[in-house]
Amino acid sequence: MKNEKYTISIYTENNLGLLNRIATIFLKRHINIESLTVSSSEIENVSRFIIVVDISEEQVKKVIGQIEKQVEVIKAYYHTNDECIFLQSALFKIKSSLLFEERQIQNIIKNSNSQIVTVSPEFFVLAKSGRREEIDKLYEELSFYGIMQFVRSGRISVTKDEMKISEILRKQLN
Amino acid sequence: METITKTKQEVSKGTTVKISGAEAMVRCLLEEGVDLIYGYPGGAIMPVYDEFYKYKDALHHVLTRHEQGAVHAAQGYARVSGKVGVAIATSGPGATNLITGIADAQIDSTPLVCVTGQVGSHLLGSDAFQETDIISISTPVTKWNYQITKASEIPETMAKAFYIAKSGRPGPVLIDITKDAQFGEVDFAYKKCEKVRSYTPVPEMDKAEIAAAASLINKASKPFIVWGQGLTIGNAEEEFKAFIEKSGIPSASTLLGLSALSSDHELHMGMVGMHGNYAPNKLTNECDLLIAVGMRFDDRVTGKLEAYAKQAKIIHFEIDPAEVDKNVKTDVAVLGNVKDTLSAILPLIDKKEHTAWLKEFRDLYDIEFKEVIDEQFHPKSGGLTMAETIESINKVTKGEAVIVSDVGQHQMIASRYCKFNKTRSKITSGGLGTMGFALPAAIGAKMGAPEREVVAVIGDGGFQMNIQELGTVLQTKAPVKIVVLNNQFLGMVRQWQELFFDGRYASTEMTNPDFVMIAQGYGIKSRKISERKDLNAAIEEMIACKDSYFLEVAVEMEENVFPMIPTGSSVSDIRLK
C-alpha cells in the first residue's frame, strides 16, 4: 500500500501524560511523527492534537483505532491533504543591515506575503504562514543572504467535514 | 474492626470524615470490595502499609517475596475469580519490578489495579532516593495510569481506576501516589465511578451487523468457530454453548480461551495455533466461514497472515474496535460484549448439523492421535513424557482442577492435553509469554478460588524464575500443588535450536539444584519421581494432600512438542513431526 501524508486530529481530555501516551502509539509501530501540535480546541477543557504522518491508509486506520482506545481520548480522525485546510507558521530572524545592503530582500519579503513583526537596529523578524512549500521557498531565498535563526511550527489544520465532538461528549454523559 | 464498620456507615450516609491519604487509599480498596491484596513494602509506601496494619481484619495483605510475584499473584487471582486483582509496591525498584506483570496483564486483558508509592511531590524530578518515573515507564503497558500528588484526589482517582480496570476490555491500571499525598488529609467520601466521558467501554451493538452475521452463518456449509478469552471475560460461556449447539458448528479454542467450553463437548475440536491440534489448524484453510469470537488473531494463532483462511468469509465478534481488521480483514464485525451479541444472534440462527464437515475434523484428529498423541501418552521406551504426567493429573483431578501453567513446552503440553469441566480453569501467560508466571499466579488463583484444586505445572526453567515465591506458600500456607516437569533444558528454545539452528544448544542446558530439598526447606511436602510406575501414585498423593505439595517429575530430556506450525508458515502447513 502506498504511503501518503495524513493529518490526524485527536480530541482529548486536557490531562497530564496524554501526550506521552499518544506518542508511544507511534513509537511502538516505528512510525515517525512529521509534525505535532497540541492546543486547546473549540470546547472548554478539550485539547486538540494535530499530528502529521507519512504512512499507508491501512496503517493510519490501525493507529486511529489504538488512539481512540485510550481512555482519555474522545475521538480521533484522519484526513488527506485534500480533506483539510492546513498551514504552518515560521519565524525568520535576519540581520537588519541586510535590508539596506541587499535591495532584493525587500522584494522577497513583498512577494512572499510575509510580515515583519519586529525591527531593531541589529535584526528584524519575519513571520510567514502558509503551506510547507511556501515556507521552504522563502527559506531558500533568504538563506542566500544569511538567516540568524529559523523556526517552523507544526501543522495546524481544520477539516472541511464537521467533527461533532460536543455531540459525542453529550451522548457519553447521558 | 469496630472503627471500620462505624466509618463505613458514615460514608454510606453521605457524610464525610477527615482522614489521612494513606487511610483513604485503604478505605477506597474496601469500598471496591477488595479483601485481598498482594504486595511488598518499602519507604515510599509505608504510610499505606501502616494503615494495612490497622485494617488487617478487613483487608488481608499477602507479602510475596518479590514485587513480580505480587503482580502475578494478583493476575492469577483476577483470572480465576473475574474480580480486579490488586498489587502494591514502593517506588523505584518496587514499581519497576511490577512492570513485567503489568505488561502481561495488558496483553492478556486482565483487570488489575497496581498502586505504587512515589517520593514526595517536592522531590519529583530531583532523582531522589528510589525515585523512578513509573508513569512514563508504565504508559505503553497500562490501560490507564495516574499520579496522585494530593490526598484530595484519592477517592475519585481510585474509583476511576477500578472502573477502567474492569469495564469493557479489562486491563491493568497503575496509580502512583506521592508520599506527601499519603500523609495529607482528605474529607473522605466515596462514590463508585460509573462513567468517564471520553471512554466507551462497550461499543453499541448494531442490529444490522447481527443480521448480516446470521445470514452468513445460515448460508455456510463449512463454518468454523475459533473462540478466545473474550468468552470467559464476558461471562458468555452459556450463550456460546447455546450458539454452537444450535448452529452445530465445530469450534476450537485459542490458548487463553481454553476451559470456556468443557473439553468433552462434542463440538470442541481442540486448540488452534502454533502447537494446537491438527484438525482445527488444517481446516482453518478449508472452511467457508470463519467465526472469531472474543479473540484477537494473535500471530501464534494465524501463522502466516497472507495464507490464513483466505478462502473463507470472516465474522469477528469483538468488544474492542481496535482489534477489528487489525490482523485479519473481516467481512462482518459484530461489536459489543459477546454475551449480548451471542444472545442477540441466537434466534436468527438456523438449527443445523454439519455431519460430513465434523467428520473431516474427526478424521484429522485420528491422524494426529496416531502420529503424535498415542506415542506421547503411551511411549514404548524412554523416560516419562510430559503428556503422561498431564494425563495422570486429568485422571486424578477428573477435570475439576484449575491448571496454572508457565511458558514453554510444558505449557503447550498442558494446554493440549488438560481436560476441563469448568470455566476459568486454565491460567497461563499467553500474549507476553512470561516465564516465572505460574508459581505466583497459582498462589493468587488458590486464594481467588479456595474451594478449587489448583495445580501449577511448571518447567524447570520457569520455576527458577520466581522460585522465591515458595516463601509465600510457606507463610500463607496456600495449599497449591506444584508440579515441575524437569527436563534439565529450556525445552522450547532447545526444540527450536534442534529444528532451526542445526542442533546448536546455546545456553539451554540447565544444571539444576535439588528442587525437593529446596521445597522442603520451605516446609513444603515434596517428592521426586522418574519412573513410570510411580507416576499415578505420586499424583494421587499430591492431590490427596491437604497442604501445599511439591512434585518433581524427571521427564525425557529432548522431547519435542508436535504438531507445530513453524514461524512464518501457513496454518495448513502444520507439521506432525
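I looked up burial in chain B first: 55% of its 577 residues count as buried (20 or more other C-beta atoms, placed from the backbone, within 10 Å of a residue's own). This is a predicted model, where local features need pLDDT of at least 70, side-chain atom pairs count only at pLDDT 80 or more, and totals for chains, interfaces and linings use all residues. Residues are numbered from 1 along each chain as its sequence is written, while chains are lettered from A and ligands numbered from 1 in the order in which they are written.

Next, overall size. The C-alpha atoms of chain B fill a box of roughly 70 × 60 × 40 Å along the principal axes.

Then the parts. I found domain 1 (2-188), domain 2 (207-361) and domain 3 (378-554) in chain B, with bounds from an automatic or database domain assignment. The C-alpha centres of domains 1 and 3 of chain B lie 31 Å apart. Their contact (C-beta atoms, placed from the backbone, within 7 Å) takes 24 residues from domain 1 of chain B and 27 from domain 3 of chain B.

Which element gives the most to the domain 1 side of chain B that touches domain 3 of chain B? I got α4(B), with eleven residues; helices are DSSP runs of H or I, at least four residues, and strands are runs of E, at least two, numbered from the N terminus.

Terms used. Contact = placed C-beta atoms within 7 Å. Buried ≥ 20, exposed ≤ 12 C-beta atoms within 10 Å, placed from the backbone.
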